[in-house]
4 protein chains.
Amino acid sequence: MIKNIAIVGGDLRIVKLANMLEKENYEVKTYALEKDQEITNKANTLQECIKDADIVIGPLPLSSNEYINTPFSDNKVKVDELIENLEGKTFIAGQIKQEIYEKAEGKNIILLDIIKREELAVLNAISTAEGAIQIAISETPKNLHANNVLVLGFGRIGKVLSKMLDGIGAKVACEARKTTDLAWIKAYGYEPINLIELKQNLNRFDIIINTIPFVVLNREMLQEVKKDALIIDLASNPGGVDKVAVKELGIKFNWALSLPGKVSPITSAEFMKETLLNMFKEIENK
Amino acid sequence: MIKNIAIVGGDLRIVKLANMLEKENYEVKTYALEKDQEITNKANTLQECIKDADIVIGPLPLSSNEYINTPFSDNKVKVDELIENLEGKTFIAGQIKQEIYEKAEGKNIILLDIIKREELAVLNAISTAEGAIQIAISETPKNLHANNVLVLGFGRIGKVLSKMLDGIGAKVACEARKTTDLAWIKAYGYEPINLIELKQNLNRFDIIINTIPFVVLNREMLQEVKKDALIIDLASNPGGVDKVAVKELGIKFNWALSLPGKVSPITSAEFMKETLLNMFKEIENK
Amino acid sequence: MIKNIAIVGGDLRIVKLANMLEKENYEVKTYALEKDQEITNKANTLQECIKDADIVIGPLPLSSNEYINTPFSDNKVKVDELIENLEGKTFIAGQIKQEIYEKAEGKNIILLDIIKREELAVLNAISTAEGAIQIAISETPKNLHANNVLVLGFGRIGKVLSKMLDGIGAKVACEARKTTDLAWIKAYGYEPINLIELKQNLNRFDIIINTIPFVVLNREMLQEVKKDALIIDLASNPGGVDKVAVKELGIKFNWALSLPGKVSPITSAEFMKETLLNMFKEIENK
Amino acid sequence: MIKNIAIVGGDLRIVKLANMLEKENYEVKTYALEKDQEITNKANTLQECIKDADIVIGPLPLSSNEYINTPFSDNKVKVDELIENLEGKTFIAGQIKQEIYEKAEGKNIILLDIIKREELAVLNAISTAEGAIQIAISETPKNLHANNVLVLGFGRIGKVLSKMLDGIGAKVACEARKTTDLAWIKAYGYEPINLIELKQNLNRFDIIINTIPFVVLNREMLQEVKKDALIIDLASNPGGVDKVAVKELGIKFNWALSLPGKVSPITSAEFMKETLLNMFKEIENK
């Protein structure tokens, strides 16, 4: 049974997560979160924090350089120092880099990347969709309601976003390549647009939201887009839009990344908590 | 048959409206809109603009002092001057004050206030609802999805807003007094809350949106509201929230007025156009 | 405070209602419901049943001839006999005829017709809409989903039915006359069709559902309807469809009356109970 | 380019399909459909029908014994005879048995089973869901609206059915095993129920609809179900319900199979046509 949890570093979501885990009756010790006022059980050292823990939780993303991310702390924690102290532990964090997996090898550490959990990706799609809707409302002089909106891609974000846009009253079209996805788009009541027919359809839309992680809206495509349209790109680097062309063509463009943490940090923490509880159950049942 | 339309003054919505009426094949002359680049048929004088018009259209709101509103013009047009030139005409504008009706009396002028048209009020409720949703997403650290949202009042805005919130995935409760409204709330699938049971229910909601034009959220009520809730007030002066109390209690509060013109000026112009076309038909059929 | 309730006669809905009122902790006595096995507190005579009652409840509809409706009883109760025993009482039943009001006059009886309560009409519209959807699915060889469905009239049933049809995935158009209703139809996301443009639009629809209580689909209109369309008429006598013409033209037609009692007697009883509780409160507050 | 299509045997859906393909400008020849009046291009023999065909289409299901299914014909066509005449052809039919694949081996015949196309399965889920809703409305004395409905399984039918039930106003809960599916259920706004918590939740539901193709509702589970609940089983043999136990426990039960063909044969034909056109494109692009 998992009971003692150590939390080391992290942003507002991790702070909220610490409180939520306490409410679920876990014993939570924290380190490198001391600047937040809500945090209670503060360990004085990394060692003290981790020592009795059944599970150690780290930042999301874990690190961007040789230190782990600790925006709520004056303490700096080196990745190497953390690894040394994890011997025999299960450590859960987000966006753990390949080099860190390599460092942990042979040290009897179980590293789990919460970002790879599919249920978290599904839940985060909800927050991303809401963020996209906020942008779409605020950056266009027209209503979403009764307006033609095109969603590129029918993966996780495409599915949730289409549902919300439809729910708010937009006329939603979704682009996909696979016949199965096109059947789903029809089943959900949106207009299906096959990728091979995308080009000739682009000029019907006031708002185009991309979720595909490669450049589908290249210069040739962008030339078909209405000059007063808004393009929102939700796909991470390199995104789905030719950034140079979109600028040259004077089309309004918003590359909106990492929306869940920005738009709804508390809900994001809740989704992380739910995912962690699933992970705990799986660990306990092994 | 209405054919010639004179448009005098007004903001961006009136500019867009002028273009839309031209696309519907009306002959449009404008005055006091000359600073907008899209405007074509510019009359040199007020008289020239109005002379042959079947209908004269003015700003929305018409005036806030002795001049009519002309933000797109260097020309100042006195209300009195306008009235003098309207003899024998039908004049349509927004929020026409009682004193102006009095001035027009006995002068063979038909004054019509477009703001009093119920279909426009219904359509504007769509824009108001979208604006409220944008605020709700951006000013809370939680998702709307799966969150408890309370709408006070089930009039035009309450109805459209509840539908959109539900469509985006919120758990919507609506407050009303009348048993019929409560039955409608149930029929639409929201949770009905009778005004007399409002107080004991307030602490369940993260977001409360008022549409009732009198102070329903007084200090006594506000004391029941969650400290980290967001209150959005969509009701015009005096609004539905005790402004002093809400500040003293430290509850996040946004008094959001005139959203349609701010959030979606182009759609607002379209709604005005649709309403005008209805008015034209009624005038022609008299 | 209302405490003792007498129930005299009625169909399955009244039986269910009796049980529901007991669960709400009312003292319920019944007469002329004795053939149902669930009924407990059976009075031996009409007088015994009514004697101590704060409120007396009768059938819905109350009567179709000189006797009140008592399908669950071998006892026959004359309307006149009932009236004689109601002196000093408040009596609630459904579809109380004018002649019965006249008979009760001057006898210190308060007669209330539950059918005239608007909240009940709204709630019953839910059941009617479900019944219409069941008919539409079972009597057409096509899906409702993605199909063009026309609803005539945007009153209570029109509103609820359109919402459900839209929810099931149909492409919904609604006919109305008033500009305000047309604006509401647009706000709710359906296609608005003005009555004056109805004729030229009729041939687009596979399913047409009427809710208007006068003959809108006359022969001239019906000649525009697709030969393989289905027309469902939910309006009570004379209905909204020329019965002779629809038959001669060979169009599939279903005049579906009194759906709530047929499709969902238990939910109908619940709706009656809710309405009664509203009436009780109003009586108590007088 | 596919141009000439031979259609051999089949039910009403195949008749409709023949007409639809003609409207798409294919040259269609038919055999063993001669008893339907709409059918035009009737070949006199199987050989004549197939001879010039680019594609041959057969019944769905293809056969239940040594003959193929030809309900619209007096001609009997042996499976073996058909196979002999398909040399060099591409043949598309439904539910082609393993033994028929074996018979065709080495004969230069391409056999394609349309039932295995995932887009058809998705589209047919729409018809199945509508059929289930019709049953749910007609076989319960309560409304679906505001009622608690449980859907077992969140595959194709589960997804479409939940959306429709939600759209009609039911309170929808979905059972699933996988954490990802449970996250999707939450994202779509239904109540997620983990299989391991199913048993203790069963007694909350008035309607339970199974889509899982193994016996999830065994006797132990069924004992938890309300006595006046309705269970609809949409899963093909053996279904998801212990048939003996459900009968002994006196729970209302409907095993509803092959709904698309029954509820909406014309839409089913359309879905087959769309799928065929996808298949044609893939064949042409090879």
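Let's start with symmetry. Chain C can be laid on chain D by a turn of 180° and a shift of 0.0 Å along the axis, with an RMSD of 0.1 Å. Keep in mind that this is a predicted model. Which residue of chain C comes closest to that rotation axis? Gly167(C) does, with its C-alpha at 1.8 Å.

Now the contact itself. Chain C puts in 21 residues, and chain D puts in 21 residues. H5(C) gives the most, with seven residues. Sort that side of chain C by class and you get ten nonpolar, nine polar and two charged residues. Why do I say that the copies meet through the same surface? Because 100% of the interface residues of chain C are also interface residues in chain D.

Next pair: chains B and A. A rotation of 180°, with 0.0 Å of shift along its axis, superposes chain B on chain A at an RMSD of 0.0 Å. That is the relation of a two-fold axis. In chain B, the residue that comes closest to the rotation axis is Gly167(B), at 1.8 Å for the C-alpha. Again the same surface serves both copies, with 100% of the contact residues of chain B recurring in chain A.

How many residues does the contact take from each chain here? It takes 21 residues from chain B and 21 residues from chain A. On the side of chain B that touches chain A, the elements giving two or more residues are helix H5 (118-138), helix H6 (156-168) and helix H12 (265-284) of chain B. H5(B) gives the most, with seven residues. By class, that side of chain B divides into ten nonpolar, nine polar and two charged residues.

On to domains, in chain A. The assignment gives domain 1 (4-116 + 265-284) and domain 2 (120-255). Taken over C-alpha atoms, the centres of these two domains of chain A are 35 Å apart. Where they touch, six residues of domain 1 of chain A are in contact with four residues of domain 2 of chain A. The domain 1 side of that contact in chain A has three nonpolar, three polar and no charged residues.

Now the core. In soluble globular proteins, nonpolar side chains tend to be buried together. Here, the largest nonpolar core has 398 residues. Which of them touch the most other members? Ile231(A), Ile231(B), Ile231(C) and Ile231(D) do. Take the chain A copy and leave aside neighbours within four places in sequence. Ile231(A) is then in contact with Ile208(A), Leu217(A), Val225(A), Val241(A), Val246(A), Ile251(A), Lys252(A) and Phe253(A).

Last stop: helix H1 of chain C, residues 12-23. This helix has twelve residues. From first C-alpha to last, H1(C) reaches 17 Å, close to the 16 Å expected at 1.5 Å a residue. Which residues of H1(C) are buried? They are Arg13(C), Ile14(C), Val15(C), Lys16(C), Leu17(C), Ala18(C) and Leu21(C). What do the buried residues of H1(C) pack against? Their partners in chain C are strand S1 (4-8), strand S2 (27-31), helix H10 (259-263) and H11. Just after H1(C), Asn25(C) takes a positive phi of about 75°.

Terms used:
Residues numbered from 1 in each chain as written. Chains lettered and ligands numbered in written order. Predicted model: local features only at pLDDT ≥ 70, side-chain atom pairs only at ≥ 80, totals over all residues. Core = buried A, V, L, I, M, F, W, Y, C linked by C-beta atoms within 7 Å. Buried ≥ 20, exposed ≤ 12 C-beta atoms within 10 Å, placed from the backbone. Contact = placed C-beta atoms within 7 Å. Helix = DSSP H or I, 4+ residues; strand = E, 2+ residues; numbered from the N terminus. Nonpolar A, V, L, I, M, F, W, Y, C, P; charged D, E, K, R; others polar. Expected span 1.5 Å × (residues − 1). Least-squares fit on C-alpha atoms with pLDDT ≥ 70 in both. Domains from an automatic or database assignment.
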